[in-house]
Amino acid sequence: DTTIVVHNRPKVQLNDVPERICAGDNYTLELTGLQAGETVVWEKYDKFNARLEEHKDGRTSFADNPTVGEYTYYAKVKNGHCDTILMRKLTVSSAPMPIISFAGGTSDTICEGEHVVLFGSNTADNYNFSNYSMTWLCKTATTLDTLLTNDRQLTQYPQQTTTYMLAITDVASGCTNIIDTTVVVKPRPAVKLVVTLPDGSD
């Protein structure tokens, strides 16, 4: 007689994580269900299948802050007889790089009653409306108001020193970057005109 022994594979699970993130975002894989006597090896590969990292220290999580690119992560769990291999794929996209400039002969310092013209662009491709969305916002001490969407130029008549923000979002990846600029509004000189009439004048 022949006896066949069937060993169980490790019954482990990886947490659900997004398949796409933006550069600068943290990415953490969590392994659950690891039993005593089971070992885990974490591996990270790039899109060319070159191994970038390997960890054999028994950790049950893998925290990463990947740069722009495409990656594959593996958690390889062994119990001495059988293996369980879990995989996650990740794409990391870059966020737009917005620029605010002043147009129409205006600058970041104006006098009361004057206007300012702000012009927005993206360093990647000078802002292509088919690839990006744009939002202008106005920030005060207590509020953050949306002023204009999907227009490169913003004209404003601020009554006091005001911070304007430009948010550009990559439509494909959902990655957003925000910059701001402050327009200083200076008060006009207070001028008082005094007319003195000579004695005896009507």
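# A walk through the strands, bridges and cysteines

Let's begin with strand E11 (residues 116-122): six of its seven residues are buried, so this strand is largely enclosed by the rest of the structure. "Buried" here means under 20% relative accessible area, "exposed" means over 50%, and "partly exposed" is anything in between, with a 1.4 Å probe and protein chains only. Strands themselves (E, at least two residues) are DSSP runs, numbered from the N terminus.

Before going on, a word on the model. What you see is a predicted model, where local features need pLDDT of at least 70 and side-chain atom pairs count only at pLDDT 80 or more, while totals for chains, interfaces and linings use all residues. Residues are numbered from 1 along each chain as its sequence is written, and side-chain values use heavy atoms, with hydrogens and water left out.

Back to E11 and its neighbours. Strands of a sheet pair through backbone hydrogen bonds, either parallel or antiparallel. Two strands count as paired here if DSSP finds at least two bridges between them. Strand E9 (residues 98-103) runs antiparallel to E11, and six bridges hold that pairing. Within it, Ala-103 stands opposite Val-117 of E11. E11 also pairs with strand E14 (residues 153-156), again in the antiparallel sense, over four bridges. There, Phe-119 has Gln-153 in E14 as its bridge partner.

Next comes an open sheet. Five strands make it up in the order E10-E16-E15-E12-E13, and the pairing is mixed. Strand E10 (109-111) and strand E13 (144-149) sit at the edges with a single partner strand each, so one side of each has no neighbour in the sheet. From one strand to the next, the twist averages 30°, where axes are lines fitted to C-alpha atoms and angles run from 0 to 180 degrees between N-to-C directions. Look at the E13 end: strand E12 (residues 132-139) pairs with E13 in the antiparallel sense over five bridges.

Is Trp-136 buried or exposed? At 0% relative accessibility, it counts as buried. For a sense of distance, the C-alpha atoms of Trp-136 and Val-12 are separated by 47 Å, and the two residues are 124 apart along the chain.

Now for the cysteines. A disulfide is a covalent bond between the sulfur atoms of two cysteines. The cut-off used here is a pair of cysteine sulfur atoms within 2.5 Å, and a search of the whole structure finds one. It joins Cys-22 to Cys-175, with an S to S distance of 2.0 Å. This pair links distant parts of the chain, 153 residues apart: Cys-22 lies in strand E2 (residues 20-22), and Cys-175 in the loop between strand E15 (162-170) and E16. Both Cys-22 and Cys-175 are buried. The torsion about their S-S bond is about -105°, so the disulfide is left-handed.

What about other cysteines? Cys-82 is buried, with a relative accessible area of 16%. Cys-111 is in no disulfide, and the nearest cysteine sulfur, that of Cys-138, is 19 Å away. Cys-111 is partly exposed, at a relative accessible area of 28%.

Charged side chains come next. Side chains of opposite charge can pair when their charged atoms come close. A salt bridge is taken as a side-chain nitrogen of Lys or Arg within 4 Å of a carboxyl oxygen of Asp or Glu. How many does a search of the whole structure find? It finds seven salt bridges. Arg-51 takes part in a salt bridge with Glu-43 (3.3 Å, N to O) and in another with Glu-54 (3.2 Å, N to O). Arg-51 is partly exposed at 46% relative accessibility, while Glu-43 is buried at 5% and Glu-54 is partly exposed at 33%.

Elsewhere, Arg-188 forms a salt bridge with Glu-114, their closest N and O atoms being 3.8 Å apart. This one links distant parts of the chain, 74 residues apart: Arg-188 is in the segment after E16, and Glu-114 is in the loop between E10 and E11. Arg-188 is partly exposed, at 45%, and Glu-114 is partly exposed too, at 32%. Finally, salt bridges that share partners join Glu-43, Arg-51, Glu-54 and Lys-76 into one network.
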